[in-house]
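Subject: Structure for your files

Hello,

Please read the notes with the coordinates open.

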Amino acid sequence: MTIFLILAPYGIYTFLMLVTSATASVFVAAAACLATIAIDIAYGRSVKILAAGSAIVFVMIGLTLLFFDPQLGTLAVKLSVDVGVFVISLGSLLLRRPFTLQYGIESVPAEIAAMPGFLQANYIITAAWTAAALLMMVSNLVLLYVPGLPLWSSLAVAFAARNSAIYFTKWYPEHCRTKYAQPSQALSHPH
């Protein structure tokens, strides 16, 4: 459920970009971000850096489209969203509060969250999302400056980058649990 709430605004934005205007897409995505924030608050969870930052990014792009540059192209809008996500993700690392830490703390028992490797794992997972955002940003830049490339090439890179980050986010914590499992568990069953 958590990964769904995290990605829902982006899924909504991506779908709407195919069927309606960029302005409508970013404002509906901002509303989806605010809805995920409201759900977190309703369940007594913290307001997430990613959700709040994404809402701001979507609103800023929407206001730019409404008041400053209504003819901003679809690729420029996509690039702006990717830059926004990259800045949020990288910024959370530079501020030493990886954005995945908030989700992680709320989804594992307190004893796991208190383990020394837990913070490091969140840095690594956030770095994977930062790399995915960078790849999506670069693919849109290439498409913007090399107009002969097919649109599907950028979509394929975005799909691969996002899905790789999702897979890594699910795989890495389990990898860490297996790697750092207590040897006493293996010794507790005498032969």
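Tyr145 lies in helix H7, residues 116–145 (helices are DSSP runs of H or I, at least four residues, numbered from the N terminus). This is a predicted model, in which local features need pLDDT of at least 70 and side-chain atom pairs count only at pLDDT 80 or more, while totals for chains, interfaces and linings use all residues. Residues are numbered from 1 along each chain as its sequence is written, and side-chain values use heavy atoms, with hydrogens and water left out.

Tyr145 is exposed, at 64% relative accessible area (exposed means over 50%, with a 1.4 Å probe and protein chains only).

The largest pocket holds about 1,500 Å³ of space (a pocket is an open set of points on a 1 Å grid where a 1.4 Å probe fits, with protein on both sides within 12 Å along at least five of seven lines; lining residues have an atom within 4 Å of a point). Its lining has 49 residues, and Ile3, Thr100, Ile125, Trp129 and Thr169 are the closest to the centre. H8 gives the most to this lining, eleven residues. By class, 29 lining residues are nonpolar, 15 polar and five charged.

The second largest pocket has a volume of about 260 Å³. Of its 19 lining residues, Thr2, Leu5, Asp40, Arg45 and Tyr103 are the closest to the centre. Here H1 gives the most, with five residues.

Regards

Notes. Helix = DSSP H or I, 4+ residues; strand = E, 2+ residues; numbered from the N terminus. Buried < 20%, exposed > 50% of the residue type's maximum accessible area, 1.4 Å probe, protein only. Points joined across faces, edges and corners; volume = space filled by probe spheres on them. Nonpolar A, V, L, I, M, F, W, Y, C, P; charged D, E, K, R; others polar.
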